[in-house]
Amino acid sequence: MSTYDVAVIGSGPGGYVAAIRCAQLGMKTAIIEKYSTLGGTCLNVGCIPSKALLDSSHHYEHAVKHFADHGIEIPGDVKINLEKMIARKQAVVSQTCDGVSFLMKKNNIDVYEGIGSFKDATHVNVTKADGNVETIEAKNTIIATGSKPSSLPFINIDKERVITSTEALKLKEVPKHLIIIGGGVIGLELGQVYKRLGAEVSVVEYMDRIIPGMDKGLSKELQKVMKKQKSKILTSHKVTGVTVSGDEVTVTADDKKGNPVELKGDYCLVSVGRRPYTDGLNAEAAGVKLNDRGQVEVNDHLQTSTPNIYAIGDVIKGAMLAHKAEEEGVFVAETLAGQKPHIDYNLIPGVVYTWPEVAAVGKTEEQLKEAGVKYKSGQFPFRALGRSRASADLDGFVKILADEATDEVLGVHMIGARCADLIAEAVTAMEFRASAEDISRMSHAHPTFTEAIKEAALAATDNRPLHI
């Protein structure tokens, strides 16, 4: 029987990063993955493939709608080769997953392919595809089994016409009418992919706004932009049924007044969130407790009810974000090495990769009001920037929330071009407890999108933006 200092169950961003950091710190490490490729949901059927399709569809949309404005003329019609687009996406996935395999070899991490389940607190069974079981011994184990798409109890996901994000990433045709249940990150991103490629898109959201977990101003602006892009957004609608007849899908819902609404399309994407994935883990054999939401219970050290077993990522409480899982993986590895790591969950940024992109870190206005915190707000529109006009990316704004008394930045919320990258400046500033004035006095290169952050900081400091 092979013996390890650490065994990691799950090879997503949290799991493989945890394994690498453990190995770097001198621990003999194994990683267990049920699928034949490493990388988990993020690399295989999540973050990476969706961004590949977002990029490809963005190029197509620009060629069709905007190239002529730039003096670029293409003879004949621009055509979509969806099969080639999907193949490129898969090539990106394969390269990325191969990169993780390389990192495992580089760091001398043993990889086991099969379903990892606890035999007891120090032994893990690996059940392989052929049914054979191999048992390894681990002084410590890190659960990093991630999450799976959720559904509604009355919806039958047939993976043909009623699909999850996994199937949406490999369709063989552009839908005529894609109905999306759920106005969160995944649904909006994939909806925009197929909208760009020519589909009619309708989004049905139970809450009173899309991306309901983010600042209300971002939700309002993104909804306005998506409607301008001709997507249909139905908020405050409760889905009551999904039926399939041949190639037609019918979605029924009640609006906020209780009136019935019916939508007909050829595909329905169910995107109502994700659930922790612990199927087959046999957690009880190791004394690991789950809560009523199916999450693994952990303390502030990410330790489960069994002291030598830890859990990270989507399988525990908190935002289901790859970069959160990575930070937690490093945190556990360094804790096991006797170090004193720290994670500030308030400073984990959130991003929606639509165009315009949406990004945020820290507290929203709603949260500050609820907590009774006195704050001031500064906002600056992207359309006032020279860089935005040069690239015709005029939608959106940056909003900075700062403490009314101390001027410390409490939250930064932005929607616009390249916000997924711009948010890192806000995270850095808040990590060092910068004031809005600190940001306003930093030199920002001109012309860049980052100038919107400086201008928003000026607006928050004493209402003196320079360019509006």
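How many residues does the hairpin that joins β4 to β5 pass through? The hairpin joins β4 to β5 through 2 residues. The structure is a predicted model, in which local features need pLDDT of at least 70 and side-chain atom pairs count only at pLDDT 80 or more, while totals for chains, interfaces and linings use all residues. Residues are numbered from 1 along each chain as its sequence is written, and side-chain values use heavy atoms, with hydrogens and water left out.

Strand β4 covers residues 115-120 and strand β5 residues 123-127. Strands here are DSSP runs of E with at least two residues, and helices are runs of H or I with at least four, both numbered from the N terminus. Two strands pair if DSSP finds at least two bridges between them. β4 and β5 pair in the antiparallel sense over 5 bridges, and the bridge partner of F118 is V124 in β5.

An open sheet of 3 strands has the order β12-β13-β14, with antiparallel pairing. β12 (238-245) and β14 (260-265) are the edge strands, each pairing on one side only. From one strand to the next the twist averages 20 degrees; the axes are lines fitted to C-alpha atoms, for helices over the stretch in contact, and angles run from 0 to 180 degrees between N-to-C directions. β12 is joined by 7 bridges to the antiparallel strand β13 (residues 248-254), where D254 stands opposite K238.

The structure also holds 2 aromatic pairs. Rings of Phe, Tyr and Trp (its six-membered ring) pair if their centres lie within 6.5 Å; planes under 30 degrees apart count as stacked, over 60 as edge-to-face and the rest as tilted. Y4 and Y112 form an edge-to-face pair, with 6.1 Å from centre to centre and 90 degrees between the planes. Because Y4 lies in β1 (residues 3-9) and Y112 in β3 (residues 110-113), this pair ties together parts that are 108 residues apart in sequence. Both Y4 and Y112 are buried (buried means under 20% relative accessible area, exposed over 50%, partly exposed in between, with a 1.4 Å probe and protein chains only).

The ring centres of F382 and F449 are 6.2 Å apart and their planes are at 65 degrees, so this pair is edge-to-face. F382 is buried, with a relative accessible area of 0%, and F449 counts as buried at 9%.

Charged groups were also located over rings. A charge sits over a ring if NZ of Lys or CZ of Arg is within 6 Å of the ring centre and within 35 degrees of the ring normal. The charged end of K148 sits 5.1 Å from the ring centre of Y277, and R161 lies over the face of Y267 at 4.5 Å from the ring centre.
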